[in-house]
Protein chains: 2
Amino acid sequence: MREVAIIGIGMNKWGELWEKSLRDVFTEAALEAIKDSGVDHIDSMYVGCMSSGLFVDQEHLASLLADYLGVTPIPSARVESACASGGLAVRMGFLDVASGMSDIVLVGGVEKMTDVSVDGATFALSTAADQEYEVYQGITFPGLYAMMARAHMHKYGTTREQLAQVAVKNHYHGSMNPLAQFPQRITVDNVVKSVMVADPLRILDCSPITDGAAAVILCSLDLAKNISKKPLIKIIGSGHATDTIALHSRNDLTELRATQRAAEKAYKMANKKPEDIDLVEVHDCFTIAEICVIEALGFVEKGRGGKATEDGMTKLGGKIPVNTSGGLKSKGHPVGATGVAQVVEIVKQLRGEAGERQVKNAKVGMTQNMGGSGGSTLVHIMEVV
Amino acid sequence: MREVAIIGIGMNKWGELWEKSLRDVFTEAALEAIKDSGVDHIDSMYVGCMSSGLFVDQEHLASLLADYLGVTPIPSARVESACASGGLAVRMGFLDVASGMSDIVLVGGVEKMTDVSVDGATFALSTAADQEYEVYQGITFPGLYAMMARAHMHKYGTTREQLAQVAVKNHYHGSMNPLAQFPQRITVDNVVKSVMVADPLRILDCSPITDGAAAVILCSLDLAKNISKKPLIKIIGSGHATDTIALHSRNDLTELRATQRAAEKAYKMANKKPEDIDLVEVHDCFTIAEICVIEALGFVEKGRGGKATEDGMTKLGGKIPVNTSGGLKSKGHPVGATGVAQVVEIVKQLRGEAGERQVKNAKVGMTQNMGGSGGSTLVHIMEVV
């Protein structure tokens, strides 16, 4: 396998972008990544998108975007793994370069979620769960994650306030990210008094509906040395794993086995341990998700995710800063774009370009991007060359 | 890049499979491919599917299918390129093995198209065209291909009867394929007197709406030699290219540039020329498509596709048999499965397992799988080791 570097990043301001179509949203981020990288062409591209079919009536998305970007006839592939579609696109781009098939690859993620009603968006998102055995019975994602939260509270004594601390921390981080959709700082009191969605989860426990895109340029490491003038960031680990798509099929509702397994593979490939990681972007689609994820990644003992958050371990300046970008909670969650945006944040941090939210001496970063209630997970580890 | 062999194939009887859900349809083909290959495990899987979101309200498809197949926690990725999703899955599986990431990979394609109304299916398929610039103006795929047919007739004198000959030939081939959806033999008279869909294309010029799946097992060539007892088939060329998604953006409506470009790449990688190919499966979604495709692949001079078909060049026993499986026209066209089923047919032929439709002394075969009106194309070349 060839070594693969990330030499360009791009992301637009996320939010309710009613004045832009999906193709415009994507192209903004893609052009910024191309410009940032210094490349004069790309050999192929990958697009992570969960459901352009249900959100904007458009499939065949990768060809449409290659066309609009003006890069036909290069290969362009859309990949989907629900909310982990972006992370999957990163892995496919990585394999394309690692295999020797392509030298320079654009990896983008995009979702345009506000062109449908809120009901329409909730329905489209629900297609990440098992339609026949979960959704047709009436459950959607807030309900699934609420059950995970209840189980975690029951089994480990995790408190309502600890859940809230995840949101408070991520909005604090997001307040320093000019591209975040909801950069407002919030308090524990704000969270626990916000509108109930699915007990115990309230609206401020939930990531929002967002339009947005993110893109990165991958390049063989040898070639990257001749092209890029910025610090080179190498992808040293890639892990991908699946779990039962339906929550009810799992032995333990609080355990994210796909995340555990993907992390094991990525750690092994990178020859790293949790204590070697300087910062991590994780999939905090709901506050409980971040708690379960940091346990599954090995940063805290099982059951201690809530307490660790309360103690400030995961805050900027803490032992392992989690979601310095603001995470899905504050930055926004255009589902197909999220996994790519996580990589954008890690590259910014490892390059030392993260401004007031910069993690000091960050050398090794990780991303964890998850589909559905944890039915799929992508983990990547990156290091400054 | 490591060398990659195909060691297992599976496909079910295609048709209107109302008694089976998408997961059942897929799993039948996948289990058959696993059994055929002799492997005792798989390392990862890829699923080509155009729009399970619009057809059956289900995204996150690759995790669902890995779960139902009982192979979690292995990586499982869905890829989409409209009707070329199956071919794209083959390429992604190829890259996975070629890169060294995985040794044994299941590549499947599936579509369940009959759980929606005919209008619903037509709409879902239309999302392969440019929604904002084509579909919202009222056009769907029969209309797009009808314009290509009119242009070809005008420019090259292609006749109504020559279009019909494509359908007649493919139904003749399909009559020898027990898995085909419409194995009935038909005549030129049947075609030219069938119901008009979009002038000049009539219902018997169009591929049908189909439920079905196909699967193959890819394996590193070195490992394959220890596992498989059947003739080993090697993937020696893989080409992937894009073109404008909208038909109106092209200089020449009769030219399939993505197919030309993908074929160039595949020929170069395989070190083969058109005259080295013993048989080919092409994307005959409409009769005119096959005519344009055999020109773009270099089997006949530009404009001579209709005449060559009329002269029997592409029929079993002719110079270059095209669509011995029956093609999309007779075998059926569950859009995400088609590209994988094309590979299944080539492997059958190269193994000498094609029964009464066997091409004698077939050593090198090709597949061409196309999305939309030609906005994306995948070409693969396979050879007996």
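Author: Strand β3 of chain A is joined by 3 bridges to strand β3 of chain B, residues 76-80, and the two strands run antiparallel. Within this pairing, A:V79 stands opposite B:V79 of β3(B). Keep in mind throughout that this is a predicted model.

The next point is how the two chains are related. In general, two copies of a chain are related by a rotation about an axis and a shift along it.

Now the extent of the contact. Chain A brings 62 residues to it and chain B brings 62 residues. The size of an interface is often stated as the accessible area lost when the parts come together. Between chain A and chain B the buried area is about 4700 Å², and carbon and sulfur atoms give 55% of that. On the side of chain A, the residues that lose the most area to chain B are A:H60, A:M101 and A:T242, which together account for 15% of what that side buries.

Across the interface, 30 residue pairs are in polar contact, with both residues at pLDDT 80 or more. Several elements of chain A each supply at least two residues to the side that touches chain B: α2 (52-56), α3 (61-69), β3 (76-80), α4 (85-99), β8 (233-242) and α10 (257-270). The largest share of that side comes from α4(A), with 7 residues. By type, the residues of chain A that touch chain B divide into 28 nonpolar, 21 polar and 13 charged.

Side chains of opposite charge can pair when their charged atoms come close. Between chain A and chain B there are 6 salt bridges. In a salt bridge between the chains, the side chain of A:R23 meets that of B:D130, at 2.9 Å from N to O.

Over all chains, the structure holds 52 salt bridges. One within chain A links A:E383 to A:K272, whose closest N and O atoms are 3.0 Å apart. A:E383 lies in strand β11 (residues 376-384) and A:K272 in the loop between α10 and β9 (279-281) of chain A, so this pair ties together parts that are 111 residues apart in sequence.

Finally, go back to β3 and look at the loops on either side of this strand in chain B. The loop between α3 (61-69) and β3 of chain B contains B:P73, and the peptide bond from B:T72 to B:P73 is cis, with omega near 10 degrees. The loop between β3 and α4 (85-99) of chain B contains B:A82. B:A82 has a positive phi of about 50 degrees, although this residue is not a glycine.

Key. Residues are numbered from 1 along each chain as its sequence is written. Chains are lettered from A and ligands numbered from 1 in the order in which they are written. This is a predicted model: local features need pLDDT of at least 70, side-chain atom pairs count only at pLDDT 80 or more; totals for chains, interfaces and linings use all residues. Side-chain values use heavy atoms; hydrogens and water are left out. Contact means heavy atoms within 4.5 Å. Buried area is the accessible area (1.4 Å probe) that two parts lose on being put together, summed over both. A salt bridge is a side-chain nitrogen of Lys or Arg within 4 Å of a carboxyl oxygen of Asp or Glu. A polar contact is a pair of N or O atoms within 3.5 Å; within protein, one must be able to donate a hydrogen and the other to accept it, and residues adjacent in sequence count only if both atoms are side-chain atoms. Helices (H or I, at least four residues) and strands (E, at least two) are DSSP runs, numbered from the N terminus. Ala, Val, Leu, Ile, Met, Phe, Trp, Tyr, Cys and Pro count as nonpolar, Asp, Glu, Lys and Arg as charged, and the others, Gly among them, as polar. Two strands pair if DSSP finds at least two bridges between them.
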